[in-house]
Amino acid sequence: MLTNDPKQRPLYSGFEALGTRIVGAFISVLITMILAKKYAVGAYVGEGMRNPAMWGAASKIICLLILLLTVLAMAGIWQKDNSRYYGRTAAQRIKMRDYLDIVAHNRPIQMLIVSAATDKLGVMLSNGLLVYVCSNLLMNTALEGKYTIVSLVPVMVAAFIGVGIARKKGLKRNFITGTLGSMVMLVVLLVVKPSAEKPWIWLTLLLVQNCVYCLSSSSVIPMLADCTDYGTYRSGRFVPGMIGTIFSFVDKLLSSLSNLIIGLALTIAGVGDTVIPPNHAMGAKFDTVILLCFCGIPILGHIASLIAMKFYELDDKRMEEIQAALQSRV
C-alpha cells in the first residue's frame with residue numbers, strides 16, 4: 001500500500017522474505033542446535049528437546065524477539081503512516097456493511113484469500129512436521145537447524161528472482177509459476193521419500209521445492225495491494241486497512257488449523273498420546289502419515305490456488321488499466 005508503482009511493489013516481498021527467512025533460521029538453530037544441547041541434562045541426557053525447561057527458555061526468547069520486531073516495524077512505518085501520503089480519497093466513515101460489500105463484490109481478494117490461505121496452511125503444516133521428518137525419518141534432529149542455515153542463501157536468491165519476474169511479467173504470472181513448480185517438487189518428494197542413510201538427497205529436493213515456492217509466496221503481499229487498488233477502482237473507497245484485515249483474518253483462521261491437523265496426523269499414526277523420542281524410528285505407519293501430510297496437503301493447497309487464479313483478473317495488463325483510471329481521478 002506504500003506505493004502504486006508496479007515495479008516497486010514486488011520489492012517489498014523480497015525484503016519481507018529475507019527478514020522472515022533469517023528469523024525462521026535463527027529460531028530453528030536456537031531450538032535444535034543450541035537449547036537442545038544445553039538442556040540435555042539430568043533425566044534428559046541426550047534428549048534436550050524433551051525437556052520442558054528448554055521450551056520454556058525458547059518461548060521467552062521468541063517472545064522478546066517478537067517484541068523487538070514489533071517495535072522495529074512501528075519505527076519503520078511511523079513517518080510514512082501519514083494522511084498526506086494516502087492521496088486517493090478523503091477521510092471516510094467506514095461501517096460494518098462495508099466489510100460485507102468487499103467480501104461479496106471484490107472477486108480478486110476472494111480468490112487471493114483462497115490461494116494464499118490454502119498455500120500457507122500447507123507451508124505451516126510442513127514447517128511443523130519438519131522436526132519429525134528430521135528426527136524420526138532422517139534420524140537426526142540437528143538436521144533441521146543445519147538445513148535452515150544451508151537453505152538461507154538459495155531461498156533468498158530465489159525470492160529476488162521472483163521479484164524480478166514479477167516486475168517484468170506481473171504478480172499473477174509469478175504466483176502461478178511458483179505454485180506449479182512447488183507442486184511438481186512436492187510430488188517428487190512424495191515419491192522419493194526420505195532416507196536416513198542419504199538424508200541430503202531428500203533435503204536437497206526439499207530445498208529446490210522451497211526455492212520455487214518462494215516465487216509464488218513473494219507475490220502475495222503486493223497482490224493484496226493490487227486488490228486494494230481494484231477495490232478503489234470499483235467502489236471509489238480506498239480502504240487498505242479493511243482489505244488487509246479481511247485477508248489476515250481468514251488467512252490466520254485457516255493457517256491455524258495446521259496444529260490441529262498435526263495432532264490428528266499423530267493420532268492416526270498411533271502416537272497421539274505418547275512423547276515421541278528424538279532420533280528414533282517410529283515405524284512405517286508413522287512415516288507414511290507424516291510424509292502424506294508433509295507433501296499431500298500442500299499439494300491440495302496448490303491445486304486450490306491454481307483454480308482460484310483462474311478467476312483472479314488482476315494480471316499486469318489489467319493493473320495498468322486500473323492504475324491509469326485511478327490516476328485520472330486524482
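**Salt bridges in the predicted model**

Arginine 50 and glutamate 47 are joined through their side chains by a salt bridge, with 2.7 Å from N to O. By salt bridge I mean a side-chain nitrogen of Lys or Arg within 4 Å of a carboxyl oxygen of Asp or Glu. This is a predicted model, in which local features need pLDDT of at least 70 and side-chain atom pairs count only at pLDDT 80 or more, while totals for chains, interfaces and linings use all residues. Residues are numbered from 1 along each chain as its sequence is written, and side-chain values use heavy atoms, with hydrogens and water left out.

How exposed are the two partners? Arginine 50 has a relative accessible area of 36% and is partly exposed, whereas glutamate 47, at 18%, counts as buried. The terms are as follows: buried is under 20% relative accessible area, exposed is over 50%, and partly exposed lies in between, with a 1.4 Å probe and protein chains only.

The structure holds four salt bridges. Let me turn to a network of them, which links Glu313, Arg318 and Glu321. Arginine 318 counts as buried at 19% relative accessibility. Glutamate 313 bridges to arginine 318, with 2.7 Å between the closest N and O atoms; glutamate 313 is partly exposed, at 33%.

Arginine 318 also meets glutamate 321, at 3.1 Å from N to O. These two residues lie three apart in helix 12 (residues 316-329), so about one helical turn separates them. Helices here are DSSP runs of H or I with at least four residues, numbered from the N terminus. Glutamate 321 is partly exposed, with a relative accessible area of 49%.
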